[in-house]
Amino acid sequence: MTKPLVSIGLPVWNGEKYLACAITSILEQSFEDFELLIADNASTDRTAEIAREFCARDPRVRYVRHASNIGAAGNFNYVFHETTGRYFKWAAYDDMLAPDFLAETTAALEKDHEGRAALAYPQTLLIDQEGAPLGLYDAAMRRGGQAPATRLDELIGPGDHTSSLIHMCFPVFGLIRRSALETSSLISNWPRSDHLLLVELALKGDFLEIERPLFLRRSHDEGSVISAEKTASSGTEVERKLAAWFDPKRGKRFPATNIRLGLGYLRAALVTPMPVPQRARATAVALGWMRRHWRILGGELKLVLADRIRPS
């Protein structure tokens, strides 16, 4: 059997409300040379029934149900490891794709004969829970063709006034070169690990932007971050809840997200193959990020130590 050019992995848990819309938007792509793997994290709603209905309709769709919830990180990584396409895309159960998403992103990567680009991604159109447009996501988009240290600086440098990068990290739902993902940390079992993944990918290659709003990002109250924020009494509790969503085995331990990000940025700068001058610049950018956020990192260290000495 011929391998598809593109693989799409859709990890899901209790996604019955929006899953059919997400799958339909994938199967209605104008580009057809793809496989879709749906990995169910032991859902308790109609997710399995919906997925199996699509499997019966289209041979490009596969469905796997885990015996237990392996966490969002485990499921995101599972769909990557169990697919084979030269290019890979994660799909969320609640988002949608415009019909030309795969055609445009695949063409952009295929035109990159030297393999300089790590991923291609379109502009993002925000939609509400009913699918009505809310407007384009307002973020400064980056172009390819720059040096690794420059790309890193654009993500986490002084111009970024938040603590990380690329705002909502929508490019992680773009089309990614498999060879770039194979040498990355993928999705780690702590919040905002997609920030680290995008840093790793940016150090490996260019990001190609498609200047069309082909990614439809749904905004609704049941999303992982919004749900955690609605039910948590503090920012620290939000982090604990998100960490449990990424990996249920973590329990209530504080994930020290920013410490992990800082160390991850530094490691990526040190181990990613690049010319020595670029490595020196990239390392300086990563250390600069840690220096600017030392108060946050120090506060997280105190919480980590408190977790270790707190009685079980």
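What does the accessible surface of the protein chain come to, and what percentage of it belongs to carbon and sulfur atoms? In this predicted model, the accessible surface is about 14800 Å², and 55% of that area belongs to carbon and sulfur atoms. The protein chain contains 12 helices and nine strands, and buried residues account for 52% of its 312 residues.

His-66 is placed in the loop between strand 3 (61–65) and helix 3 (71–81), and with a relative accessibility of 10% it counts as buried. Its side chain is joined to that of Asn-75 by a polar contact of 2.8 Å. When residues up to four places away in sequence are left aside, His-66 touches Ala-39, Asp-40, Asn-41, Ala-42, Asn-75 and Tyr-78.

Most residues other than glycine have a negative phi. Ala-256, also not a glycine, has a positive phi of about 50 degrees; this residue is found in the loop between helix 9 (235–246) and helix 10 (257–271), where its relative accessibility of 7% makes it buried.

Side chains of opposite charge can pair when their charged atoms come close, and a search of the whole structure finds 12 salt bridges. One of them pairs Glu-35 with Arg-62, with the closest N and O atoms 3.4 Å apart; this pair links distant parts of the chain, since Glu-35 is in strand 2 and Arg-62 in strand 3, 27 residues apart. Glu-35 counts as buried at 12% relative accessibility, whereas Arg-62 is partly exposed at 35%.

A salt bridge also forms between Glu-110 and Arg-86, whose closest N and O atoms are 2.8 Å apart, and it connects helix 4 (residues 101–111) with the loop between helix 3 and strand 4 (87–90). Both partners are partly exposed, Glu-110 at 32% and Arg-86 at 47%.

The side chains of Asp-95 and Arg-217 meet in a further salt bridge, at 2.8 Å from N to O. Asp-95 lies in the loop between strand 4 and strand 5 (96–97) and Arg-217 in strand 9 (residues 206–218), so the pair ties together parts that are 122 residues apart in sequence. Asp-95 is buried, at 4% relative accessibility, while Arg-217 is partly exposed, at 21%. Finally, Asp-100, Glu-104 and Arg-212 are linked in a network of salt bridges.

Note on methods: Residues are numbered from 1 along each chain as its sequence is written. This is a predicted model: local features need pLDDT of at least 70, side-chain atom pairs count only at pLDDT 80 or more; totals for chains, interfaces and linings use all residues. Side-chain values use heavy atoms; hydrogens and water are left out. Helices (H or I, at least four residues) and strands (E, at least two) are DSSP runs, numbered from the N terminus. Buried means under 20% relative accessible area, exposed over 50%, partly exposed in between (1.4 Å probe, protein chains only). Accessible areas come from the Shrake-Rupley method with a 1.4 Å probe; for residues, only the protein chains shown count as cover. A polar contact is a pair of N or O atoms within 3.5 Å; within protein, one must be able to donate a hydrogen and the other to accept it, and residues adjacent in sequence count only if both atoms are side-chain atoms. Contact means heavy atoms within 4.5 Å. A salt bridge is a side-chain nitrogen of Lys or Arg within 4 Å of a carboxyl oxygen of Asp or Glu.
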